[in-house]
Amino acid sequence: MQSVAERRMSLSSILKRWVFWSVHLGCLLVFVVGVSWTAVAVCAALYFIRMFAITGGYHRYFSHRSYSTSRWFQFVLAFIGASSAQKGPIWWASHHRHHHRHSDTEEDIHPPLLQGLWYAHVGWVLSAQYIETRYELVKDLMKFPELRFLDRHHLIPPLLLIIT
């Protein structure tokens with residue numbers, strides 16, 4: 001029998017997957033509602049802005065600390081990155097830092113050579129195996145209460161995006 005924590009984790013995992021797939025499969029609604037040049041422009045803008053937030057924010061800034069920025073823009077990067085439904089910035093950075101410590105080994109959480117391209121880019125994010133954040137790897141990020149809040153409530157940005 002599952003414990004309360006395991007059931008909660010299971011429900012959380014299911015909800016996270018639902019949000020992730022809803023955002024991505026929602027694109028198929030174009031065949032129902034049609035397309036306009038405004039919709040194409042919004043789609044392109046959202047793609048480029050959120051790609052920057054993931055690559056320039058989650059990856060280069062939060063995971064590698066490749067540059068410095070203001071605390072306000074740090075939150076903007078985290079919020080827009082979270083709207084991509086790839087969980088929160090602290091969770092993402094903790095797992096990416098672990099990945100770089102163990103790249104292409106058995107301890108790597110998303111090795112493309114060992115588990116394939118799909119798993120390396122999407123599967124590991126949806127995996128129930130990596131729900132917990134590796135806080136010991138992101139002590140520098142834990143000092144920001146707004147990042148901790150966004151990391152705990154990372155479904156808010158994609159849900160707001162769906163609503164708007």
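Which helix gives the most to the lining of the largest cavity? In this predicted model, a search of the whole structure finds two cavities of 30 Å³ or more, and the largest of them holds about 50 Å³ of space. Its lining is formed by Lys16, Arg17, Val19, Phe20, Ala85, Lys87, Val125, Leu126, His154 and Leu155, of which six are nonpolar, one is polar and three are charged. At least two lining residues come from each of helix 1 (4-25) and helix 7 (117-126), and helix 1 gives the most, with four residues.

The second largest cavity likewise contains about 50 Å³ of space and is lined by Ser13, Lys16, Arg17, Lys87, Val125, Leu126, Ser127 and Ile131. Helix 1 and helix 7 are the elements that give two or more residues to this lining, with the largest share, three residues, coming from helix 1. The lining of the second largest cavity divides into three nonpolar, two polar and three charged residues.

The packing of helix 3 and helix 4 was also examined. Helix 3 (residues 37-63) packs with helix 4 (residues 71-82) at an angle of about 120°, the two axes lying 8 Å apart; the helices are therefore oblique to each other, and the crossing of helix 3 and helix 4 is left-handed. On the side of helix 3, the contact involves Ile49, Arg50, Phe52, Ala53, Ile54, Gly57, Tyr58, Tyr61 and Phe62, which meet Phe73, Gln74, Leu77, Ala78, Ile80, Gly81 and Ala82 in helix 4. The residues of this contact comprise twelve nonpolar, three polar and one charged.

Terms used: Residues are numbered from 1 along each chain as its sequence is written. This is a predicted model: local features need pLDDT of at least 70, side-chain atom pairs count only at pLDDT 80 or more; totals for chains, interfaces and linings use all residues. Side-chain values use heavy atoms; hydrogens and water are left out. Axes are lines fitted to C-alpha atoms, for helices over the stretch in contact, and angles run from 0 to 180 degrees between N-to-C directions. Angles under 35 degrees count as roughly parallel, over 145 as roughly antiparallel, 65 to 115 as roughly perpendicular and the rest as oblique. A crossing is left-handed if the near helix is turned anticlockwise from the far one by less than a right angle, and right-handed if clockwise. Contact means heavy atoms within 4.5 Å. Ala, Val, Leu, Ile, Met, Phe, Trp, Tyr, Cys and Pro count as nonpolar, Asp, Glu, Lys and Arg as charged, and the others, Gly among them, as polar. On a 1 Å grid over the protein atoms alone, a cavity is a set of points where a 1.4 Å probe fits but cannot get out, and a pocket is an open set with protein on both sides within 12 Å along at least five of seven lines; lining residues have an atom within 4 Å of a point. Grid points are joined across faces, edges and corners, and a volume is the space filled by probe spheres set on the points.
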